[in-house]
Amino acid sequence: MIRIKYFPGTTFLHRLDPRTKFLLVILFIFSEVAFLDIRILLFPFTASIFLYLSARIPFKEVKGTWRFLLTIIVIISSVNAFFTFLGVSVQHPHIIAAFWIFKFTVEGIFFALASIMRFLSLAIISLCVIMTTDPGLYAPALSKLRMPYKGAFVVDLALRYLPVYVDELETTMNAQMARGFKVKARGGLFARILNTVPLLVPVAINAMLSIYDVADAMELRAFGAEKNRTWYRTVSFKPRDYVSTITLFSLLILAIVLRTRITTYWIPA
Amino acid sequence: MKESMFSAKQIVAMAVGTALYAALTIPFNTLQIPGVGLVAIRPTVAIPMLFGFVFGPLAGFVSGFLGNILSDAVSFGGFFWNWDIGNGLLGAIPGIGYFIVKRTNWTKARVLATASVLAIIGAVVGIAFAAMTDFAFQIGLSTMDAALTEFYTAAATDAVNGAILTPILLYAYATATAGRARRV
């Protein structure tokens, strides 16, 4: 079972201002986009695991999410590293084993490892932020970042609804399976596409029908009547946020400097 | 009279479209196409296409753009700005239907065919943008051939998924809303 929701707590990450957490995500996005060198990727990777453990998210609740995350990242990284070895042109690869169109090379293994580290660290941080941030704080935080309040509302509502629809999909899948629905359809491409209809239609249509109820409720509270609006909950920077922001900015600058010197992936000599 | 692009309904539609696309796409990210980068078979591309058609191009764009960012981030930790924009375009183009089709005609075969055609155009334009920017900015692809392979594979799967599922979802939505006040 995939669980992507807020788990209340009092850890350091829970108490950080959402704006500081947004900066944390930006730093990890940059490290993922900029580096392929395992020696550098080891830092964000270790930091993400440390931050995740420090958030004390109950493992029992997110076991399924982890199983899914690790499976998908290993599949993606292996498929891409061993089929195409994307973005890395090697004149004389060190082949370990080869059969049919597959070539297992030392370069491929290091590329796959780098991909796993890049993806996993950003996934862990993204989950950390969602699981430790009260959904009611996204909009005030984005608003304080000078985002127009309607835009802040879109992000806020989307992050609130995401876990709801993940659960809804699972409930629908279980209900359809009880009626004989098979997740893995047999047949050609069209049969497989049509097989998703019993899942997509109920979840999507129910969600779309609720749009009008939510919009009505918002309009009844005069949403959009004023150019600006205030929020019931507010966010404010505490000393820990100042320290974290300065540290994160310094790391971001360091990463940018490093990027100008290291542009490729690394394979041990 | 067309309503404002930033009315309460539009704002909620963008948010619901985003969450729905992200939530439904997460399980499908496991269906990777070998050899063409991080391209997965996603029947859920029909969601931003449907939102574009029903609620307008902006709702379609935001659903595709933000939904792709969210689903990639939480399912495998990926962030590819050009694919996020590509997914946004894929939802925005069927939004042409929002302007040219009368809502009371949504169940008519002609309109469903229009939705299907717009979904194909959306898939082609969105994926073309993503694949070509992959090549232009050297994001994982170093040759034009690789970019074209990526484009053909991803555009074909998204076009087929969109062309089949968008009219089905549109028909289901139109039927579900029939007789309900303020739903069309």
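Predicted model: local features only at pLDDT ≥ 70, side-chain atom pairs only at ≥ 80, totals over all residues.
Residues are numbered from 1 along each chain as its sequence is written, while chains are lettered from A and ligands numbered from 1 in the order in which they are written.

**Exercise 1. Describe how α2(A) and α10(A) are placed relative to each other.**

Step 1. Start with the axes, which are lines fitted to C-alpha atoms, for helices over the stretch in contact, with angles from 0 to 180 degrees between N-to-C directions. Those of α2(A) and helix α10 (residues 239-261) of chain A come within 10 Å and cross at roughly 15°.

Step 2. Apply the opening rule: α2(A) and α10(A) are therefore roughly parallel to each other.

Step 3. A crossing is left-handed if the near helix is turned anticlockwise from the far one by less than a right angle, and right-handed if clockwise. For α2(A) passing α10(A), the crossing is left-handed.

Step 4. Look at who meets whom, where contact means C-beta atoms, placed from the backbone, within 7 Å. On the α2(A) side the residues include A:Leu23, A:Leu27 and A:Phe30, and on the α10(A) side they include A:Leu248, A:Leu252 and A:Arg259. The residues of this contact divide into nine nonpolar, four polar and two charged. Here Ala, Val, Leu, Ile, Met, Phe, Trp, Tyr, Cys and Pro count as nonpolar, Asp, Glu, Lys and Arg as charged, and the others, Gly among them, as polar.

**Exercise 2. Which elements of chain A supply the side that touches chain B?**

Step 1. In total, 55 residues of chain A are in contact with 49 residues of chain B.

Step 2. α2, α4, α5, α7, α8 and α9 of chain A each supply at least two residues. The largest share, 15 residues, comes from α9(A).

Step 3. Sorted by type, this side of chain A holds 43 nonpolar, nine polar and three charged residues.

**Exercise 3. Is A:Phe190 buried or exposed?**

Step 1. Find A:Phe190 in helix α8 of chain A.

Step 2. A residue is buried if 20 or more other C-beta atoms lie within 10 Å of its own, exposed if 12 or fewer, and partly exposed in between. A:Phe190 has 11 and is exposed.

**Exercise 4. Summarise the two chains.**

Step 1. Helices (H or I, at least four residues) and strands (E, at least two) are DSSP runs, numbered from the N terminus. Chain A has 10 helices and two strands, and chain B has seven helices and zero strands.

Step 2. Of the 269 residues of chain A, 33% count as buried; of the 184 residues of chain B, 64% do.

Step 3. Check pLDDT, the predictor's confidence in each residue, from 0 to 100. Chain A has a mean of 85, with 91% of its residues at 70 or more.

Conventions. Contact = placed C-beta atoms within 7 Å. Parallel < 35°, antiparallel > 145°, perpendicular 65-115°, else oblique.
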